Amino acid sequence: MLQQIDHLGIAVRSLEDAVPYYENVLGLHCEGQEEVESQKVRTAFFACGEVHLELLEPTSEDSPIAKFIEKNGEGIHHIAFRTDDISGQLKQAADNGVRLIHEVPIEGANDKLVAFLHPKSTKGVLTEFCMPK
Ligand code: ZN
């Protein structure tokens with residue numbers, strides 16, 4: 001079952017450029033940066049209450065984030081819902097005809113398992129399920 005919105009993913013060209021905006025203008029605290037090889041991104045996390053912001057910078061030209069920025073520019077990339085049963089959540093989506101990007105969860109940032117639903121099946125919102133390991 002879904003527990004809460006865990007984070008919003010935001011595509012940026014450069015963490016170096018983007019992080020000062022979140023720190024200085026919004027006054028949020030950067031909790032750390034991490035490279036996620038499986039998704040070819042470097043991430044920076046900020047907490048805002050219970051919800052986090054996950055800035056995503058592409059680490060290679062064939063990164064899904066690089067392709068997203070090329071097509072849409074920088075901005076909101078995905079919504080991540082925290083669940084206590086990621087496999088059950090994926091099955092529920094698949095059973096309802098939703099196209100899955102990941103049929104099996106992959107390693108995400110912050111020691112979580114993650115899986116994405118295809119935005120063509122989710123009314124245009126790239127949707128992530130995440131579950132702490
Ligand atoms: Zn995410």
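Trainee: In which loop is Lys123 found?
Mentor: This is a predicted model, and Lys123 has a positive phi of about 55 degrees in it although Lys123 is not a glycine. The residue is found in the loop between S7 and S8.

Trainee: Does Lys123 count as buried or exposed?
Mentor: Exposed means over 50% relative accessible area. Lys123 has 81% relative accessibility, so Lys123 counts as exposed.

Trainee: Where does Asp111 lie?
Mentor: Asp111 is a residue other than glycine with a positive phi, near 60 degrees. Its place is the loop between strand S6 (106–107) and S7.

Trainee: With which residues is Gly108 in contact, leaving aside its neighbours within four places in sequence?
Mentor: Gly108 lies in the loop between S6 and S7. Its relative accessible area is 10%, so Gly108 is buried. Gln39 is 69 residues away along the chain, yet the C-alpha atoms of Gly108 and Gln39 are separated by 8.0 Å. Leaving aside neighbours within four places in sequence, the contacts of Gly108 are Glu34, Val36, Gln39 and Val114.

Trainee: What pattern does the protein follow, read along the sequence?
Mentor: The protein has three helices and eight strands. Read along the sequence, they give the pattern β-α-β-β-β-α-β-α-β-β-β.

Trainee: What is the radius of gyration of the protein?
Mentor: For 133 residues the globule rule gives 14 Å, and the value for this protein is close to that, so the protein is as compact as a globular protein of that length. Along the principal axes, the C-alpha trace spans about 45 × 30 × 25 Å. The radius of gyration is 14 Å.

Trainee: What percentage of the 133 residues count as buried?
Mentor: The protein exposes about 7,500 Å², with carbon and sulfur atoms supplying 51% of that area. A residue counts as buried under 20% relative accessible area. Of the 133 residues, the buried share is 44%.

Trainee: Among contacts between residues at least 6 apart in sequence, what percentage join residues at least 24 apart?
Mentor: The count takes in contacts in the protein between residues at least 6 apart in sequence. Those that join residues at least 24 apart make up 55%.

Trainee: Against which strands do the buried residues of H1 pack?
Mentor: In helix H1 (residues 15–25), the residues Leu15, Ala18, Val19 and Tyr22 are buried. Seen down the helix axis, they fall within an arc of 105 degrees, so they line one face of H1. The face turned away from that buried side carries exposed Glu16, Asp17, Asn24 and Val25. The buried residues pack against S1, strand S2 (30–36), strand S3 (41–48) and strand S4 (51–58).

Trainee: Which residues are exposed on the other side of H3?
Mentor: Helix H3 (residues 86–95) has Ile86, Gln89, Leu90 and Ala93 buried. These cover an arc of only 100 degrees around the axis, which puts them on the same side of H3. Their cover includes S1, strand S5 (75–83), strand S7 (112–117) and S8. The exposed residues on the other side are Lys91 and Asp95.

Trainee: Which residue just after H3 takes a positive phi?
Mentor: The phi in question is about 85 degrees. The residue that takes this value just after H3 is Gly97.

Trainee: What is the relative accessibility of Glu128?
Mentor: Glu128 is found in strand S8. Leaving aside neighbours within four places in sequence, Glu128 is in contact with residues including His7, Glu54 and His78. Glu128 counts as buried because its relative accessibility is 4%.

Definitions and conventions
Residues are numbered from 1 along each chain as its sequence is written. This is a predicted model: local features need pLDDT of at least 70, side-chain atom pairs count only at pLDDT 80 or more; totals for chains, interfaces and linings use all residues. Side-chain values use heavy atoms; hydrogens and water are left out. Helices (H or I, at least four residues) and strands (E, at least two) are DSSP runs, numbered from the N terminus. The radius of gyration is taken over C-alpha atoms; the globule rule is 2.2 Å times the number of residues to the power 0.38. Buried means under 20% relative accessible area, exposed over 50%, partly exposed in between (1.4 Å probe, protein chains only). Contact means heavy atoms within 4.5 Å. Accessible areas come from the Shrake-Rupley method with a 1.4 Å probe; for residues, only the protein chains shown count as cover. The arc is that of the directions from the helix axis to the C-beta atoms.
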